[in-house]
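Please keep the sequence and the structure in view while reading.

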Amino acid sequence: MGFGHIPFDVAHALAGGMLLMSFVLLYQRRVPALIAALATQGGLLGLAALWQGWAQDAAGLYLTGLIALVAKAVLIPWALSTLVRRFGMHGSVQTALGIGPSLMAGVALAALALVVVLPVAAADSALAQEDLAVALSIVLLGMLVMIARRNAIGQVVGLMSMENGLILAGVGVQGLPLMVELSTAALVLVLALVAGVFMTGIRERFDSLDIAFLEDHRGERR
Amino acid sequence: MFAALLTQAIHAVLLLALAPLLVGVVRWLKARLLGRRGASPLQPWRDLRKLLLKRPVVAESASVITVAAPYVAVAATVVAALLVPSFTRGMATAPVADLLVLAGCLTLARGALALAGMDAGTAFGGLGASREMAFAALAEPALLLVALCCAILAGSSNLDAIAGAFAEGLLGIRISLALALAALAAVAVAENGRIPVDNPATHLELTMVHEAMLLEASGRHLALWEYQSALSLTLWLSLLAAIFAPFGMAPAGAGPLGWILGLVAFAAKMGALALVLAVFESAIAKMRVFRVPEFLGAALLLGLLGALFLYVSTGLL
């Protein structure tokens, strides 16, 4: 497969859309918009998995795609926005890093992903390299979102986005075992639950979702 | 040769006549979306006729720049509009229709506008001019990076060649193209002073940019400025259509039938883009002025990322 082949092109476009959504996560300050971008990314991931299932003729990937579409595009965003509504936090997320610097760091991380993947996947075609680099960039950008947002919702969104990147890398490679995929999906649902409980907990204790309060609580000084 | 000149003439008449109409259509669509009846799409043409019949009033402190700038800006924008392919490739200006030339023409028009804003020495004009140039400092490099992406993919920075290469579809869908599209759309929004960056529908707001520079213009000069901004919007929309949706465009050397198909496709694309613009502008609020550099910086970085991916996938790095 190469550029100009429809199966490859569509997979590539979907991955590109996911990368763009990662940058939207990095750029957005408002909580509802963050959740919407995460839902879009999950939806794109589901479509990418379904498409790969069709292109590789692998039935397991259809299941992956459906899980992603149901859980990541609908359920988790819905649960997050319910939490947001209950806590009444529609304002903007406080950023530890300004938008400008975090975007610059994001591009630097994407470039780092390219540089790292280049020698590792040198035996493969340029296309496989690019796909792997996109998936790695999404993982790194998710991590950056976690670092740059001083808010429990921001942390959860970053974590989910990282996981999206991992799954994307998985579905692009032929022969991802279904067991691995299922256990990751279960893990993510558990993570979402834990995150919800965690947020409720710190909300009750500190009357805020700003995780800076946790630092005082742990006895750290800022 | 004759066909090239003929298509060029049709293109020129089409774009020059379409420009105010397109602005009118966007305004009408926005009014409908907001539940109002809206003025007829021909209203901008009527406004232009009214303004052209009036004598311009020039401030006493104004120099020759105020008088000359509208003509310079309109001339530069007309040249730029002649370069962007609309319904067919292989027009007479195709050999010189370079993206960098286009960027240069647009910068010339922008410089004339900023000078005209500062010339009369009013506070608002200078404010608008300084903001316009600050935004340009980020928008221009983003445009150049998009040009770089296109040049790597198509092997040329010539718009005609880029449209041709993308229309054939041999290059496939690239991540870089998605990033470049996002960057170019953001630059287009900023260049035309559309809603997240500037509000084209208001006067005398503290955050205005484009209108602030035109406060001193009147009569014929104001008509020229209005026409220039309408033409600039048309040119940007057809640039987006030519690069990212070159489908249906008649190839060089096509006959009249191909041109007619190309005209129909062009009308459909412009209509769709006008609708997208109207929906987008109705759906979101204007940004604070201090957030605009972030918005354009994001466009610049996306362009940079697109170029990076291309360097890797084409093995240039």
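## Residue B:N192

B:N192 lies in the loop that joins helix 7 to helix 8 (210-213) of chain B. Helices (H or I, at least four residues) and strands (E, at least two) are DSSP runs, numbered from the N terminus. The model is predicted, so local features need pLDDT of at least 70 and side-chain atom pairs count only at pLDDT 80 or more, whereas totals for chains, interfaces and linings use all residues. Residues are numbered from 1 along each chain as its sequence is written, and chains are lettered from A and ligands numbered from 1 in the order in which they are written.

Is B:N192 buried or exposed? B:N192 counts as buried because it has 22 C-beta neighbours inside 10 Å. The cut-offs are 20 or more other C-beta atoms within 10 Å for buried, 12 or fewer for exposed, and partly exposed in between, with C-beta atoms placed from the backbone. Setting aside neighbours within four places in sequence, B:N192 is in contact with B:S229, B:S232, B:L233 and B:W236. Contact here means that the C-beta atoms of two residues, placed from the backbone, lie within 7 Å. B:V96 is 96 residues from B:N192 in sequence, and their C-alpha atoms are 24 Å apart in space.

## Helix 7 against helix 11 in chain B

Helix 7 (residues 175-191) and helix 11 (residues 292-313) of chain B have axes that come within 8 Å and cross at roughly 155°. Helix 7 of chain B is therefore roughly antiparallel to helix 11 of chain B. Axes are lines fitted to C-alpha atoms, for helices over the stretch in contact, and angles run from 0 to 180 degrees between N-to-C directions. Angles under 35 degrees count as roughly parallel, over 145 as roughly antiparallel, 65 to 115 as roughly perpendicular and the rest as oblique.

The crossing of these two helices of chain B is left-handed, a term used if the near helix is turned anticlockwise from the far one by less than a right angle, with right-handed used if clockwise. Residues of helix 7 of chain B in the contact include B:I175, B:L179, B:A183 and B:V187. From helix 11 of chain B, the contact includes B:F295, B:L302, B:G306 and B:F309. The contact of helix 7 with helix 11 of chain B comprises 16 nonpolar residues, 3 polar and no charged. In this scheme Ala, Val, Leu, Ile, Met, Phe, Trp, Tyr, Cys and Pro count as nonpolar, Asp, Glu, Lys and Arg as charged, and the others, Gly among them, as polar.

## Chain B as a whole

Chain B has 11 helices and 0 strands. Of its 317 residues, 50% count as buried. The C-alpha atoms of chain B fill a box of roughly 55 × 45 × 45 Å along the principal axes.

The radius of gyration of chain B is 19 Å, which agrees with the value near 20 Å that a compact globule of 317 residues would have. That radius is taken over C-alpha atoms, and the globule rule is 2.2 Å times the number of residues to the power 0.38. Among contacts in chain B with a separation of 6 or more, 78% join residues 24 or more positions apart.

## Where chain B meets chain A

Between the chains, 22 residues of chain B are in contact with 26 residues of chain A. On the chain B side, helix 7 and helix 11 each supply at least two residues. Which helix of chain B gives the largest share of the side that touches chain A? Helix 11 of chain B does, with 11 residues. The side of chain B that touches chain A has 15 nonpolar, 5 polar and 2 charged residues.

## Chain A

Chain A has 8 helices and 0 strands, and 43% of its 222 residues count as buried. Residues 24 or more positions apart make up 69% of the contacts in chain A with a separation of 6 or more.

Helix 1 (residues 6-27) and helix 2 (residues 31-56) of chain A pack at an angle of about 165°, their axes 9 Å apart. This makes helix 1 of chain A roughly antiparallel to helix 2 of chain A, and the crossing is left-handed. The contact includes A:L14, A:M18 and A:M21 of helix 1 of chain A and A:L38, A:L45 and A:W51 of helix 2 of chain A. By class, the contact of helix 1 with helix 2 of chain A has 18 nonpolar, 4 polar and no charged residues.

A:V145 belongs to helix 5 (residues 126-148) of chain A and is buried, with 27 other C-beta atoms within 10 Å. Beyond its neighbours within four places in sequence, A:V145 is in contact with A:L25, A:L26, A:G154, A:V157, A:G158 and A:S161. The C-alpha atoms of A:V145 and A:Y27 are separated by 9.4 Å, although the two are 118 residues apart along the chain.
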